[in-house]
Amino acid sequence: MPELRLRASGLLTPTSAGPRLTVSLDLVQLRRDTSGRVLCSERVGGSAADAAAKNVALLLTDATARIGGALDGLQSAVATIHEWRTDADLPVPGRSDLLVRIETAGGPVVLGTAGPGTPLELVSAVAGQDLALLAHPPAAAPPADWRGRPLILRPAPAAVLVAGAAFSLSSRKGRQTAAQLAGRRVLPALTIRDLPVVPSGYDRDDLGDPAKASTLVDAGRICPPGQWRDGVPPGRAVWDHDTAACGPPPIVRLELDGPAAITPPDAIELQWCVEGLQRYHGDGTIRVHCVARPVDRPEESFVVVLHGKPIHLLRHAHGLTGPRTAVYGDSDVTTRSLVLASAAELEGAGHAVVTVNS
């Protein structure tokens, strides 16, 4: 039975003459050996591609109508639908993603999410979030006591810390360090997992290796890294038709779990990340610009810059709060909001520099 892999992606941009939509399709048939390793592929046509193109168009039209109706400044929306099929008429649940770029007074902000199942559910996941903060220009100054208040990183900025921590543990140097520190507690009771990119119904990657969730940090303790194969993490190989070779997935799927924490009533809430600025640096630090507000004065907003090493920042986590949310951007991260220590405590420990953009 042929194995088909479908990727449908679209871009919608508002113009003075109306929305402009472009859709691209890629339908590939794979051939594997008896071990499950992909040997070759060829591009094919079929009605499945037409249906996916229609779904992408509907997803983008719905997203721009609902989110653009709630916020001014919508610049573009990008969506991708992935389907893995073992029969032309029997789709295997894949994963879809949606990115909406908004120009705000604080800078460009990207709202992104991903998930399995019906792609149109992604629009509700984005439109159902608290977007009111993006409609108001940031104030000139934060509250006088902001440095002493605890921080809450909502899912979008929390995902940056999770991705940064995973990158640092998965680099060549990071894997060597993880092997040396395996079993040692380096974080509070947080767990970071790397999830397979294959959809439900598949248990092997494109090298034929088992595709299972791997734990990078287990309840705060470093886990020994797996054995990489052909430059790819175990169980994460993805076939690239254009290069006729397997490589790592273009987007890493991650998950953060941990103990529940109460939302501090006086916290400073970092809600959304401002785009267009470098986040990850060669020295292992991240620099994140976030639209923020006091929890007790939600009508006031300002931009906070958080700079430090992700693992060091996560050492000051008090726990997680709020609903689990899939955040799509540099990575595909499922997380709750992260309750951190105050800016004063982070800086006092030498683990961060926290400033306000004036």
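1. Ground rules. Because the model is predicted, local features need pLDDT of at least 70 and side-chain atom pairs count only at pLDDT 80 or more, while totals for chains, interfaces and linings use all residues. Residues are numbered from 1 along each chain as its sequence is written, and side-chain values use heavy atoms, with hydrogens and water left out.

2. The cores. Have a look at the largest nonpolar core, which has 45 residues. Such a core is a set of buried Ala, Val, Leu, Ile, Met, Phe, Trp, Tyr and Cys residues joined through side-chain atoms within 4.5 Å, where buried means under 20% relative accessible area with a 1.4 Å probe, protein chains only. Leu-153, Leu-161 and Leu-338 have the most contacts inside it. Helix 3 (residues 155–170) gives the most to this core, 9 residues; helices are DSSP runs of H or I, at least four residues, and strands are runs of E, at least two, numbered from the N terminus. A second, separate core has 32 residues, including Leu-27 and Leu-71.

3. Leu-338 up close. Beyond residues up to four places away in sequence, Leu-338 touches Leu-153, Leu-161 and Leu-256, among others. Contact here means heavy atoms within 4.5 Å.

4. His-307. You'll find His-307 in strand 16 (residues 302–308). Its side chain makes a polar contact of 3.3 Å with that of Arg-287. That term covers a pair of N or O atoms within 3.5 Å; within protein, one must be able to donate a hydrogen and the other to accept it, and residues adjacent in sequence count only if both atoms are side-chain atoms. Leaving aside neighbours within four places in sequence, His-307 is also in contact with residues including His-351 and Val-353.

Methods. Buried < 20%, exposed > 50% of the residue type's maximum accessible area, 1.4 Å probe, protein only.
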